Amino acid sequence: MSRVAVLTSGGDAPGMNAAIRAAVRGGIALGIEMFGVRHGYSGLIAGDFVPLGPRDVGGIIEVGGTMLGTSRCPAFLTDEGQESAVRQLLQRDISGLIVIGGNGSQTGALALSRRGVAVVGIASTIDNDLVGSDITLGATTALGIALEAIDRLRVTASAHGRVFLVEVMGRTCGYLALMAGIAGGAEAILIPEAEQSPEQVAAAIKDAYQRGKSHAIIVVAEGARYDADALADYFTEHAQRLRFELRVTKLGHVQRGGVPCPFDRLSASLLGAAAVERIQAGQHGILLGIVGGEVAAQPLAPICRSPKPHAPHWLELARILAR
Ligand code: ADP
Ligand code: F6P
């Protein structure tokens, strides 16, 4: 019987648990002995493994976060760290590894693959910054949380005639901000892929008021050059001239801790089960994601080098819909 381990790494994302559950139960159905690695690459280096049976992954499909724990692990960037990780797997005769995580974690998966480990990655991060998956596990849930917050802020913005600045996560990727801005009806959206100056944002808000709007929402990605702090400083400095009353909300980690939405649970279930099937079939060094609504596999190497392309027409649509 072959042995396969699963770990979660990097920022936790809603749906990781559902993916662990599907990998474990799917693997056992294929006759594979399944193990979990606790705390991502830190646990892999330290040999923190736990056997997982069907009952060990019960009651988690609807829970955010990850039952295995996760980590940012600088030690894994070193040769010693990666050699130790490989040794830990060999010592336990574990021949396959499933890495559930984002861009950095999949770069780590590629490093292990190059060291001979049969690795399959599952694209999972709220940032949706991975090429090879139209949408990553957790991003849809995080988007829902951002939207709920924007809807609430709009109510109070409208009551007071204020401008609200909402900063969302996403690291260097503007996906969450752009989608939350469009679906939340924002008057301005700032993303790292298409920088705007504070002057341009102020002009957009002024214009919105001149068109008869009584309040405004600005959605800014945390990775934008002018983030919430920079914009707030600008608006404070120019308060007399602009005459906007501004309030700032940084959503931060609130976006990560949600109950996985139906799409994330379903995708996670498909991806987790597909990961063990691929390992069983001898296909590895790949990332599994959702492309065109289906599970799709891409080689890890090009994915880890590529930034996700930005679609400028979304930003243009946002401008049109904010009229
Ligand atoms: P995410 O996977 O959510 O993007 P990180 O970028 O923090 O999160 O990556 C998670 C972990 O993956 C890092 O702490 C590190 O252990 C590992 N990792 C990141 N980049 C690399 C790399 N270039 N080579 C090897 N391992 C990496
Ligand atoms: O990668 C997911 C993410 O939530 C990013 O959006 C954010 O920049 C980062 O992780 C925050 O990391 P940490 O939880 O380590 O503060």
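This is a predicted model: local features need pLDDT of at least 70, side-chain atom pairs count only at pLDDT 80 or more; totals for chains, interfaces and linings use all residues.
Residues are numbered from 1 along each chain as its sequence is written, chains are lettered from A and ligands numbered from 1 in the order written, and side-chain values use heavy atoms, without hydrogens and water.

Biologist: Which strands stand at the edges of the open sheet of 7 strands?

Modeller: Strands are DSSP runs (E, at least two residues), numbered from the N terminus. Two of them pair if DSSP finds at least two bridges between them. The order is β3-β2-β1-β4-β5-β10-β11, with mixed pairing. Each edge strand has a single partner, so one side is left without a neighbour in the sheet: these are β3 (49-51) and β11 (294-299).

Biologist: What angle does helix α4 make with β4?

Modeller: Helices are DSSP runs too (H or I, at least four residues). α4 (residues 103-114) packs on the sheet and touches β1, β4, β5 and β10; contact means heavy atoms within 4.5 Å. Axes are lines fitted to C-alpha atoms, for helices over the stretch in contact, and angles run from 0 to 180 degrees between N-to-C directions. For α4 and β4, the value is about 165°.

Biologist: How many residues of β6 are buried?

Modeller: Buried means under 20% relative accessible area (1.4 Å probe, protein chains only). Val-163, Leu-165 and Glu-167 point one way, Phe-164, Val-166 and Val-168 the other, and all are buried. β6 is therefore largely enclosed by the rest of the structure, the count being 6 of the 6.

Biologist: Which residue of β9 stands opposite Glu-167?

Modeller: β9 spans residues 246-250. It runs parallel to β6, joined by 5 bridges. Opposite Glu-167 stands Lys-250.

Biologist: How much of the accessible area of ligand 1 does the protein cover?

Modeller: An oxygen atom of ligand 1 is 2.8 Å from an N or O atom in the Arg-72 side chain. A ligand oxygen is also 2.6 Å from a polar backbone atom of Cys-73. Areas come from the Shrake-Rupley method with a 1.4 Å probe. Of the 550 Å² that ligand 1 has on its own, the protein covers 81%.

Terms used: Buried means under 20% relative accessible area, exposed over 50%, partly exposed in between (1.4 Å probe, protein chains only). A polar contact is a pair of N or O atoms within 3.5 Å; within protein, one must be able to donate a hydrogen and the other to accept it, and residues adjacent in sequence count only if both atoms are side-chain atoms.
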